[in-house]
Amino acid sequence: MLDLGYEENRMLFYNTGEVSEEVWDILLYQHLSSTAVADKRALMEAHKEGDYETKQMLHEKHYQYTSARLLEHIDDFIDQLDTLGAKAEETGANGYDEHPRLPLIMKHNTFVKETFVRVREMYFAGY
């Protein structure tokens, strides 16, 4: 992330189902770092120069790999949220006494899961 000058607060998944350009750039950068050094250099140069066309060409060229990384991230995150939700339900009302913010955390996790599900539906409707 730092190589591209991005900070974590720019890694956004929107409740519309869209994903920020920065997320796609990071996924592409991660993929190229382990597979295509020349394309990684081209990405870095295009990023520094503001060359949107070259970046877009690289995104299109490697889309099957970056989209697979995104899908894996989404599915893993949804699984983690489901596991946490099940654990919270197991504690029931007793858990609220011990963890008074649990209802708020559960609402937040539901919102995050719904956002990830929308992203999944937008980009991977047939999977």
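Predicted model: local features only at pLDDT ≥ 70, side-chain atom pairs only at ≥ 80, totals over all residues.
Leaving aside neighbours within four places in sequence, phenylalanine 116 is in contact with Phe13, His73, Ile74, Phe77 and Ile78. Phe116 also belongs to the largest nonpolar core, a set of 14 residues, where Phe13, Val19, Leu70, Ile74 and Phe116 have the most contacts inside the core. Two or more residues of this core come from each of α1 (21-35), α4 (63-98) and α5 (102-123). Of the elements, α4 gives the most, with five residues. A second, separate core is present as well: it holds 10 residues, among them Leu32, Leu43, Met44 and Leu58. In soluble globular proteins, nonpolar side chains tend to be buried together.

Stepping back to the fold as a whole, the protein chain contains five helices and zero strands. Read from the N terminus, the order of elements is α-α-α-α-α. The radius of gyration is 18 Å, whereas the globule rule gives 14 Å for 127 residues; the chain is therefore more spread out than a compact globule. Along the principal axes, the C-alpha atoms fill a box of roughly 55 × 30 × 25 Å. Of the contacts between residues at least 6 apart in sequence, 61% join residues at least 24 apart.

Buried residues account for 33% of the 127 residues. The accessible surface of the chain comes to about 8,500 Å², and carbon and sulfur atoms contribute 52% of that area.

Methionine 44 sits in helix α2 (residues 37-49) and is one of the residues of the second core. With a relative accessible area of 15%, methionine 44 falls under the 20% cut-off and so counts as buried. Beyond residues up to four places away in sequence, methionine 44 touches Asp3, Leu4 and Tyr29. Valine 23 is 21 residues from methionine 44 in sequence, and their C-alpha atoms are 15 Å apart in space.

Two further buried positions lie in other helices. Isoleucine 26 is found in helix α1, and its relative accessible area of 10% makes it buried. Isoleucine 26 and alanine 86 are separated by 60 residues in sequence and by 31 Å from C-alpha to C-alpha. Glycine 85, in turn, is located in helix α4 and is buried at 11% relative accessibility. From glycine 85 to aspartate 51 the separation is 34 residues in sequence and 43 Å in space, C-alpha to C-alpha.

Glutamate 7 lies in the segment before α1, and its relative accessible area of 53% is over the 50% cut-off, so glutamate 7 is classed as exposed. In sequence, glutamate 7 and alanine 42 are 35 residues apart, and their C-alpha atoms are 21 Å apart in space.

Technical notes. Residues numbered from 1 in each chain as written. Heavy atoms only, no water. Helix = DSSP H or I, 4+ residues; strand = E, 2+ residues; numbered from the N terminus. Rg over C-alpha atoms; globule rule 2.2 N^0.38 Å. Buried < 20%, exposed > 50% of the residue type's maximum accessible area, 1.4 Å probe, protein only. Contact = heavy atoms within 4.5 Å. Areas by Shrake-Rupley, 256 points an atom, 1.4 Å probe, with all protein chains shown as cover. Core = buried A, V, L, I, M, F, W, Y, C linked by side-chain atoms within 4.5 Å.
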